[in-house]
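Thanks for coming. I have one structure to go through this morning, so please have it open in your viewer.

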Amino acid sequence: MGLQSYLIVSALLFAIGMFGFLARRNAILMLISIELMLNAVNLSLVAFNAYAYYANNDTGAVFALLVMAVAAAEATVGLALVIAIIRTRHTPEVDEYSDLKE
Amino acid sequence: MMVCFGSLAGMYALLGAPIVAAAQVLIYLGAISVLILFAIMLTQAGDANLPSPFHRQAILAALAALVVVGLIGWAVVRTDWGNATVIVSIVVSSLAESLFTVYALPFEILSLLLLAAIIGAIYLARRPEDDEQANS
């Protein structure tokens with residue numbers, strides 16, 4: 001137990017989020033995967049902070065809080081965009097959003 | 001998803017950062033989960049004609065994710081982290097002090113970003129007929 005286990009959990013979370021973002025077809029589930037990746041980064045920041053790898057004692061926690069607020073803003077705008085797109089296209093599938101290609 | 005966010009909050013509490021755990025519960029469990037639930041409720045209108053929930057590049061995506069976790073795990077295991085055994089708890093008052101002195105500029109930029117996000121979300125969430133009226 002220690003810093004390594006937290007970092008490995010964080011890497012696993014990031015990989016799961018990355019797989020979900022790359023492989024899912026539903027736009028909302030892709031947004032959830034982005035949240036998962038941001039959470040993984042937050043976990044590693046807080047873990048580094050807890051084991052005193054920063055000069056300032058609170059750097060990791062401050063960064064984690066800032067990342068959380070950015071994630072909230074991103075989720076808000078992303079979900080509003082997705083709902084607006086779904087309202088016009090009537091599907092959450094990202095494969096169907098091919099207007100620019102045609 | 002909500003279980004995952006909640007257990008992350010538990011991990012922050014274990015890591016001696018109860019204020020981050022509280023923020024995690026408030027923001028993720030309270031706000032973002034409800035937002036995503038509303039979005040799912042608004043969009044899943046019963047037409048479940050999905051052939052598969054995954055792209056056809058799902059195998060490639062799994063491969064990429066495995067490569068990433070392998071690289072990070074290798075780096076984590078191979079690095080000498082010193083004697084990192086003591087967990088340093090966060091004192092909330094000193095955290096607030098550094099947040100408002102050293103990191104005051106990111107804090108203000110963040111408030112501006114949140115304002116822009118709110119305005120953008122309101123603009124995007126308007127009804128389409130309002131847009132047509134505004135355009136004509």
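Predicted model: local features only at pLDDT ≥ 70, side-chain atom pairs only at ≥ 80, totals over all residues.

A:F21 sits in helix α1 of chain A. Leaving aside residues up to four places away in sequence, A:F21 touches A:M30, A:S33 and A:I34.

Next, α3 of chain A. How far apart are the end C-alpha atoms of α3(A)? They are 44 Å apart, and since 31 residues at 1.5 Å a residue should span 45 Å, the two figures agree. Just after α3(A) comes A:H90, which takes a positive phi of about 60°.

Now the interface. On the chain A side, 52 residues are in contact with 56 residues of chain B. Which helices of chain A supply at least two residues each to the side that touches chain B? They are α1 (3-23), α2 (27-50) and α3 (59-89). Of these, α3(A) gives the most, with 21 residues. Sorted by class, that side of chain A has 39 nonpolar, eight polar and five charged residues.

Over to chain B. Chain B has six helices and zero strands, so read from the N terminus its elements run α-α-α-α-α-α. Of the 136 residues in chain B, 12% are buried. The domain assignment divides chain B into domain 1 (1-43) and domain 2 (91-129), and the centres of these two domains, taken over C-alpha atoms, are separated by 18 Å.

Last, one helix pair. Two packed helices are described by the angle between their axes and the distance between the axes. For helix α1 (residues 2-14) and helix α2 (residues 18-43) of chain B, the axes come within 7 Å and cross at roughly 170°. That angle makes α1(B) roughly antiparallel to α2(B), because the threshold is over 145 degrees. Residues making the contact include B:F5, B:L8 and B:Y12 from α1(B), and B:V25, B:Y28 and B:L29 from α2(B). By class, the residues of this contact divide into 12 nonpolar, three polar and no charged.

That is the end of my part; questions are welcome.

Conventions
Residues numbered from 1 in each chain as written. Chains lettered and ligands numbered in written order. Contact = placed C-beta atoms within 7 Å. Helix = DSSP H or I, 4+ residues; strand = E, 2+ residues; numbered from the N terminus. Nonpolar A, V, L, I, M, F, W, Y, C, P; charged D, E, K, R; others polar. Buried ≥ 20, exposed ≤ 12 C-beta atoms within 10 Å, placed from the backbone. Domains from an automatic or database assignment. Axes fitted to C-alpha atoms, helices over the stretch in contact; angles between N-to-C directions. Parallel < 35°, antiparallel > 145°, perpendicular 65-115°, else oblique. Expected span 1.5 Å × (residues − 1).
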